[in-house]
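Dear colleague,

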Number of protein chains: 2
Amino acid sequence: MTREPHDGTKRSEILAAATRRFGRDGYEHTKWADVAADVGVGPTALYHYFESKQHCLYVIMEEAIGDFQRRFSAITSQTPDPLEALEAVLYDCFDLTEQDILRNRVLVSEQGLLAVHRSSSREEEARRAARARARQLEFAWASFLAGAMRAGSVPENDARLLSRALLGLYNSVWQWYRPDGLHGLPAVADFFYGRTLAMIGVAPDAAKRTRMVA
Amino acid sequence: MTREPHDGTKRSEILAAATRRFGRDGYEHTKWADVAADVGVGPTALYHYFESKQHCLYVIMEEAIGDFQRRFSAITSQTPDPLEALEAVLYDCFDLTEQDILRNRVLVSEQGLLAVHRSSSREEEARRAARARARQLEFAWASFLAGAMRAGSVPENDARLLSRALLGLYNSVWQWYRPDGLHGLPAVADFFYGRTLAMIGVAPDAAKRTRMVA
């Protein structure tokens, strides 16, 4: 299906407005009609893009996870050294706009809905797409960690459980992080970076030290 | 307010039935009337205990977090050595019945709803109680970790961020763990125990080694 350029823009505007509302006011409290009003489209036009608030939520989740996956692939494919790649990915995932942070909050707050089958076929399709993305991201992390273990850069462990632990730790940040909170994003990123490497069993700046030795 | 013994039993039965349905079928998919049918009470009697499905969810969450808090306090108050206490608590939180596991799943899947104000005063009261419990548990962990840092048992760090990381890592298990899954509960507990200690900066069995040295 080809979309008119205008179509794509309006769709992006709806997704952005919905992310802001879901992230700020909560998904449950957001009225779908308010999202339509934010971007100035009527219910019929809105339906052209999304069948329902839930359909839109699944698309937001799928795009959020998809973006993580693309950034992860771009970094790991360009960085041959596993430790350098690991450190780069861990910092990159805190290089976020305010809109990205809201989107992460939506993803984490509503992830319970990913497990629930939908009777509407458009909703169910979007739900399955988001779940598939989540599995792909977890698989990409597990494959990367398994490779780093084989290369001797990371201590041997269950790569699949470790990738789940790492993603669980990262996701948990967006449950409590608020831009106006006690801890700024750079401090949270530093903390997360150090604790994730410790959890994996790697000393911070191990890649830098390896380069110095080499 | 004093409750008749029968009252307490029926209330517990409703909570148990709701936990099973929410955990198995998802909160959103569960019909409140089905919970009533499970325990054989009519809508009027049900309303005596819980105003709504959401009210019941908040009470389940409050009890789940309260149980964690009581177990945590019991262990840490009886175990003077911080490392022994830490290791005991990390194993204890995987000593769970199938019902406990379902309850953890509900707690984690629906925690986004804890952030959303309710217009009903009974619902809002239950929501605030659950949130207060979550803050108490986090505070108990942070106080414990800060004490362990002062005692030199655990490397210095931000105790509050560390308690959030630890709870975030633990909670993430219940998003994917299923009793019939690839990894059994003892294997998951062992993995979690090792990775949490590594994240905190403590070698596994450090308490045992300290005892051997002493």
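What follows is a short account of what was found, from the overall make-up to single contacts.

Please bear in mind throughout that this is a predicted model. Chain A holds 10 helices and 0 strands, and its C-alpha atoms fill a box of roughly 65 × 40 × 30 Å along the principal axes. Of the 214 residues in chain A, 37% count as buried. Among the contacts of chain A with a separation of 6 or more, 69% are made by residues 24 or more positions apart.

Leaving aside residues up to four places away in sequence, M61(B) touches L107(B), L114(B) and A130(B). As general background, nonpolar side chains tend to be buried together in soluble globular proteins.

Turning to the pairing of the chains, 27 residues of chain A are in contact with 27 residues of chain B. On the chain A side, the elements that give two or more residues are α8 (159-176) and α9 (185-200), and α8(A) gives the most, with 9 residues. By class, that side of chain A has 11 nonpolar, 11 polar and 5 charged residues.

Helix α8(A) also packs against α7 (residues 121-150) of chain A, at an angle of about 120° and with the axes 8 Å apart. Because of that angle, α7(A) counts as oblique to α8(A), and the crossing of the two helices is right-handed. From α7(A), the residues E138(A), W141(A), A142(A), L145(A), A146(A) and M149(A) meet A159(A), R160(A), L162(A), S163(A), R164(A), L166(A) and L167(A) in α8(A). The residues of this contact divide into 9 nonpolar, 1 polar and 3 charged.

Is K31(A) buried or exposed? K31(A) counts as exposed, because it has 11 C-beta neighbours inside 10 Å, and the cut-off for that class is 12 or fewer. The C-alpha atoms of K31(A) and G201(A), which are 170 residues apart along the chain, are separated by 45 Å.

With best wishes

Notes:
Residues are numbered from 1 along each chain as its sequence is written. Chains are lettered from A and ligands numbered from 1 in the order in which they are written. This is a predicted model: local features need pLDDT of at least 70, side-chain atom pairs count only at pLDDT 80 or more; totals for chains, interfaces and linings use all residues. A residue is buried if 20 or more other C-beta atoms lie within 10 Å of its own, exposed if 12 or fewer, and partly exposed in between; C-beta atoms are placed from the backbone. Helices (H or I, at least four residues) and strands (E, at least two) are DSSP runs, numbered from the N terminus. Two residues are in contact if their C-beta atoms, placed from the backbone, lie within 7 Å. Ala, Val, Leu, Ile, Met, Phe, Trp, Tyr, Cys and Pro count as nonpolar, Asp, Glu, Lys and Arg as charged, and the others, Gly among them, as polar. Axes are lines fitted to C-alpha atoms, for helices over the stretch in contact, and angles run from 0 to 180 degrees between N-to-C directions. Angles under 35 degrees count as roughly parallel, over 145 as roughly antiparallel, 65 to 115 as roughly perpendicular and the rest as oblique. A crossing is left-handed if the near helix is turned anticlockwise from the far one by less than a right angle, and right-handed if clockwise.
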